[in-house]
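The sequence and the coordinates come next.

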Amino acid sequence: WAQLDPVSRPLAALAGFSHFPLSFSFPFAGQTLVTTDLPWWYVPVAFGVKLPEVTLLGLGGAAFLGIRALIRAPLSLTPERVGLAAAILLPPLIVIVTGAVLYDGIRHLLFLLPPLTVAAGIGLDRLASRLDSVAVRARLPQASRLATTLLCLWAGWQVLTLVRLHPYQAIWYNILAGGVRGAAGHRHLPGPAA
């Protein structure tokens, strides 16, 4: 079907899928939402409670660096940085502007995880560099070893949690939602049960 008109038919399919007539209500963030009329904050909050804490920390650092670079020298941004920002920001903006139908947490936007992880890695790298230079000036040579140890312990805890949840890893929530235990019984959070 798409090969008969490779320009307009894929766009028509995308438009049809984004407004798939699946309408039901579900509890989220203390409110009852309808899949066909989601508030603009649905996507950021859904990602906010599902992404690992270290990823959120890295994204915060990357956002800070990006905004600072945009303010200081907007024309000096590299194509790679602009492309990464577009890969992260455009899909949610399109979902918000078009009022696309979403349900079941972040399932429809899972393709955002790789660019979000890349941005978080950049933010964490810059944060680590900054902490390392502060530690050198403060003559704290063990600071980077301590940070590395804490990161390794955190990663080990995450792996252990996912092993315990297997095969239901999709029910994982970060500390903002109280973790899996804190989210249990709170139907106001996004996820497979929503």
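## Asn174 and its surroundings

The side chain of Asn174 reaches the backbone oxygen of Leu51 at 2.6 Å. This is a polar contact, meaning a pair of N or O atoms within 3.5 Å; within protein, one must be able to donate a hydrogen and the other to accept it, and residues adjacent in sequence count only if both atoms are side-chain atoms. The model is predicted: local features need pLDDT of at least 70, side-chain atom pairs count only at pLDDT 80 or more, and totals for chains, interfaces and linings use all residues. Residues are numbered from 1 along each chain as its sequence is written, and side-chain values use heavy atoms, with hydrogens and water left out.

Asn174 sits in the loop between helix H6 (143–165) and helix H7 (179–183). Helices (H or I, at least four residues) and strands (E, at least two) are DSSP runs, numbered from the N terminus. With a relative accessible area of 0%, Asn174 is buried; buried means under 20% relative accessible area, exposed over 50%, and partly exposed in between (1.4 Å probe, protein chains only). Leaving aside neighbours within four places in sequence, Asn174 is in contact (heavy atoms within 4.5 Å) with Gly48, Val49, Lys50, Leu51, Glu53, Leu56 and Gly179.

## Other residues of the H6–H7 loop

Trp172 lies in the loop between H6 and H7 and counts as buried at 10% relative accessibility. Not counting residues up to four places away in sequence, Trp172 touches Lys50, Leu51, Pro52, Glu53, Gln158, Thr161, Leu165 and Val180. Trp172 and Arg107 are 65 residues apart in sequence and 13 Å apart in space, C-alpha to C-alpha.

Pro167 is also found in the loop between H6 and H7. A cis peptide bond, with omega about 5°, joins His166 to Pro167.

## Helix H4

Helix H4 (residues 79–98) has 20 residues and reaches 27 Å from its first C-alpha to its last, close to the 28 Å expected. The expected span is 1.5 Å times one less than the number of residues. At Leu89, shortly before the proline Pro91, H4 has a kink of about 30°; the bend at a residue is the angle between axes fitted to the seven residues ending there and the seven starting there.

The buried residues of H4 are Ile88, Pro91, Pro92 and Val95. Just after H4, Gly99 takes a positive phi of about 65°.

## Pocket and cavity

The largest pocket has a volume of about 1,200 Å³. Helix H2 (42–50), helix H3 (53–72), H4 and helix H5 (113–137) are the elements that give two or more residues to its lining. Of the 35 lining residues, Leu59, Ala62, Ala63, Gly66 and Ala119 lie nearest the centre of the pocket. H3 gives the largest share of the lining, 12 residues.

On a 1 Å grid over the protein atoms alone, a cavity is a set of points where a 1.4 Å probe fits but cannot get out, and a pocket is an open set with protein on both sides within 12 Å along at least five of seven lines; lining residues have an atom within 4 Å of a point. Grid points are joined across faces, edges and corners, and a volume is the space filled by probe spheres set on the points. The largest cavity has a volume of about 40 Å³.

## Chain totals

The protein chain has 7 helices and 2 strands. Buried residues make up 27% of its 194 residues.
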